[in-house]
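Let's take a walk through this structure together, starting with its aromatic rings. Keep the 3D view open as you read.

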Amino acid sequence: MAMRGGRAIGLASRLVGARGFSTEIFVSRLSFYTTEEELKNIFSPFGAIEEARLVRDNQTGRPKGFGFVKYKSEMEAQKAVKAMDGRIIRGRLIFAEIAKEHSTG
C-alpha cells in the first residue's frame, strides 16, 4: 500500500509541475525596501528565473513585503526554497516555499 501511495504522490507532483505551479516560489517577510531587481539577483544563483515580482499595495504602489519568483524548472525552485528559507536578507528573516495554486470559488 505504501508504494502505491508513493507513486500517487510522485505522479501528482509531476502533474503539478507540468502545469507550472511548482516552478514558482512564494517569498515572505521581505524588507519593504527590496526591489524586484534585488529579489531576482538574490534568487538567481539557484537557476534561470522567468519572473520575479513583488506584491504591491493598490493604493500606494509600495511593496507589501512578499513576492514570487518563477523558475524555468521545478528542480531549480526546490533548490532555491531549500537554500533560502530561513535566511536573513536586509536584516530580516525571510521564508521561501513552493507557491500554492490559486483556486476560485
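Phe26, Phe66 and Phe68 are linked into a cluster by ring pairs. Keep in mind that you're looking at a predicted model. A search through the whole structure turns up 2 aromatic pairs, so let's take them one by one.

How do you describe such a pair? You give the distance of the ring centres and the angle of the planes.

Start with phenylalanine 26 and phenylalanine 66. Their ring centres are 5.7 Å apart and their planes sit at 55 degrees, so this pair is tilted. Planes over 60 degrees apart would have counted as edge-to-face, and planes under 30 degrees as stacked. Now look at where the two partners sit: phenylalanine 26 is in strand β1 (residues 24-28), while phenylalanine 66 is in strand β3 (residues 63-71), so the pair ties together parts that are 40 residues apart in sequence. Phenylalanine 26 counts as partly exposed, because its relative accessibility is 23% and the cut-off for buried is under 20%. Phenylalanine 66 is partly exposed too, with a relative accessible area of 26%.

Phenylalanine 26 belongs to strand β1 and phenylalanine 68 to strand β3, so the pair ties together parts that are 42 residues apart in sequence. Is phenylalanine 68 buried or exposed? With a relative accessible area of 12%, phenylalanine 68 is buried.

Let's zoom out to the strands. β1 and β3 run antiparallel, and 4 bridges join them. If you want one to find on screen, glutamate 24 has lysine 70 in β3 as its bridge partner. β1 itself is mostly covered, with 4 of its 5 residues buried.

What about the link between β1 and β6? These strands also run antiparallel, and 4 bridges join them.

Phenylalanine 95 has a relative accessible area of 34% and is partly exposed. Together with Ile88 and Leu93, Phe95 makes a nonpolar surface patch of about 270 Å².

Notes: Residues are numbered from 1 along each chain as its sequence is written. This is a predicted model: local features need pLDDT of at least 70, side-chain atom pairs count only at pLDDT 80 or more; totals for chains, interfaces and linings use all residues. Side-chain values use heavy atoms; hydrogens and water are left out. Rings of Phe, Tyr and Trp (its six-membered ring) pair if their centres lie within 6.5 Å; planes under 30 degrees apart count as stacked, over 60 as edge-to-face and the rest as tilted. Helices (H or I, at least four residues) and strands (E, at least two) are DSSP runs, numbered from the N terminus. Buried means under 20% relative accessible area, exposed over 50%, partly exposed in between (1.4 Å probe, protein chains only). Patches are made of residues with over 30% relative accessible area and no salt bridge: like charges are joined within 9 Å, nonpolar side chains (Val, Leu, Ile, Met, Phe, Trp, Tyr) within 5 Å. Accessible areas come from the Shrake-Rupley method with a 1.4 Å probe; for residues, only the protein chains shown count as cover. A salt bridge is a side-chain nitrogen of Lys or Arg within 4 Å of a carboxyl oxygen of Asp or Glu. Two strands pair if DSSP finds at least two bridges between them.
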